[in-house]
Number of protein chains: 2
Amino acid sequence: MTITPPPAPEAAGPRVPRTPRGARTRARLLEAAEHVFATVGYPDASIVKITEEAGVALGTFYVHFAGKKEIFDEVVGDLSHRVRQAMSEASGRGRTRIEAEREGFRAFFRFTAEHPALYRIIRQAEFVSPEAMRAHYASIVDGYAEGLAQARERGDIRAVDPTVAAWALMGAGELIGMRWILWEQADDIPEHIYEALMDVVQGALAPTTTDERPAR
Amino acid sequence: MTITPPPAPEAAGPRVPRTPRGARTRARLLEAAEHVFATVGYPDASIVKITEEAGVALGTFYVHFAGKKEIFDEVVGDLSHRVRQAMSEASGRGRTRIEAEREGFRAFFRFTAEHPALYRIIRQAEFVSPEAMRAHYASIVDGYAEGLAQARERGDIRAVDPTVAAWALMGAGELIGMRWILWEQADDIPEHIYEALMDVVQGALAPTTTDERPAR
């Protein structure tokens, strides 16, 4: 999955800390919240648990966030921004389109291994904050589809619909990551699974030598 | 997505109704639970809500199910069985492998449109009942991979890894269905989106005329 660089995160909400210390506290709260939401789930996550995990006073929470839903949305936005950034940086290193795809998928799997919270949090967002979940998917797809459209323009890939291909390949990466990283609690995707997926991706995207595909 | 016929649902738990009336009540409870879990989510779903929606007495619930987790697992198993059955019947109508794929995906999208609960329930199963979620995915993939392995044997598709390709294409179908059916609350997938996805699927699976793929 290859994506263009993400824009800066949305305006960081109403409460931007003015001091370095405030910024550190805010970051600690976000990190703690990521862990608590991923571990116990949104309904059982409490602000008390988050502040205890972050080691800050309960009252301090409200200096930075209006409530549980607000910090949840920021955790989703933050994870989403970081995974896009990792994929964008990696895919920029590919010299050809297929190389860029390989690097992008690899970065996605690496991020998944390091942040298993990504899946668990995005999936519960469907109930808790559907708008945050849609924004996450849409921002990944936008960048990905743009990259595919440019590659198609150059003749580097065949004439797929860039948006549909982006959703389809993102879905492929998501379930492969779920199966071979999350379920196995693995540090990385097994190499032969990665190569088998890249073979499918290359088949889906690589230009054919003839216009006619085999009519099966 | 083409799958072999699913086995009969797992032994229906400890409480199989002995009378037609009992079976009808049990089916009503399952249907009500599907709706309640999909609408308010597992944490807010109560047995009272489910029995009210089913129009049966609270005590009757416990004749059929041991508790909330047990009926949730049965709802997942039931949805999973039905979507596999729909896909298997449809793909059996395809005369070629690509036709079978087309029919299988179409049946999956139709089922998604008729049962939006499938997504919402499977996604929350990640927290509520990870074993039910894994069983759902694994049973779809097993049948799908078996079909791909047979097609590969016959030379109908190229030498993809059947299991990896099954997970990847299932992921593609899942996100396309989420984007164009669930998010749009649509009755069916738009035809041009379906054709664009089929183009990607065909590229991923169709045999190439030469062994060497373009080295991009």
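# A guided look at the chain A and chain B contact

Guide: Let's start at one pair: the side chains of R158(B) and D199(A) form a salt bridge, with 3.2 Å from N to O. Bear in mind that this is a predicted model.

Visitor: How do I read that as a salt bridge, and how many salt bridges does the rule find across the interface of chain B and chain A?

Guide: The idea is a side-chain nitrogen of Lys or Arg within 4 Å of a carboxyl oxygen of Asp or Glu. For the interface of chain B and chain A, the rule gives 4 salt bridges. The rule also picks out 2 residue pairs in polar contact across this interface, both at pLDDT 80 or more.

Visitor: Which elements of chain B give two or more residues to the side that touches chain A?

Guide: On chain B they are α1 (20-40), α6 (117-128), α7 (130-153), α8 (162-182) and α9 (191-205). The top contributor is α8(B), which puts 14 residues into the side of chain B that touches chain A.

Visitor: And what does that side of chain B have by class?

Guide: Sorting residues by class is a handy way to read a surface. Here the side of chain B that touches chain A has 29 nonpolar, 12 charged and 9 polar residues.

Visitor: How many residues does the contact take from each chain?

Guide: Chain A gives 50 residues and chain B gives 50 residues. As for area, about 4600 Å² is buried between the two chains, and carbon and sulfur atoms give 66% of that.

Visitor: Let's turn to chain A by itself. How many helices and strands does chain A have?

Guide: You'll find 9 helices and 0 strands in chain A. Along the sequence, the pattern reads α-α-α-α-α-α-α-α-α.

Visitor: What share of chain A counts as buried?

Guide: Of its 216 residues, 55% are counted as buried. The accessible surface of chain A is about 9500 Å², with 51% belonging to carbon and sulfur atoms.

Visitor: How do I read contacts along the chain? What share join residues at least 24 apart?

Guide: Take the contacts in chain A between residues at least 6 apart in sequence: 70% of them join residues at least 24 apart.

Visitor: Can we finish on a single residue? Is V63(A) buried or exposed?

Guide: The cut-off to keep in mind is that exposed means over 50% relative accessible area. V63(A) has 54% relative accessibility, so V63(A) counts as exposed. This residue sits in helix α3 (residues 58-64) of chain A. Its C-alpha atom is 8.7 Å from that of P17(A), a residue 46 positions away along the chain.

Note on methods: Residues numbered from 1 in each chain as written. Chains lettered and ligands numbered in written order. Heavy atoms only, no water. Helix = DSSP H or I, 4+ residues; strand = E, 2+ residues; numbered from the N terminus. Buried < 20%, exposed > 50% of the residue type's maximum accessible area, 1.4 Å probe, protein only. Contact = heavy atoms within 4.5 Å. Areas by Shrake-Rupley, 256 points an atom, 1.4 Å probe, with all protein chains shown as cover. Buried area = accessible area lost by both parts, 1.4 Å probe. Polar contact = N/O pair within 3.5 Å; in protein donor to acceptor, adjacent residues only side chain to side chain. Nonpolar A, V, L, I, M, F, W, Y, C, P; charged D, E, K, R; others polar.
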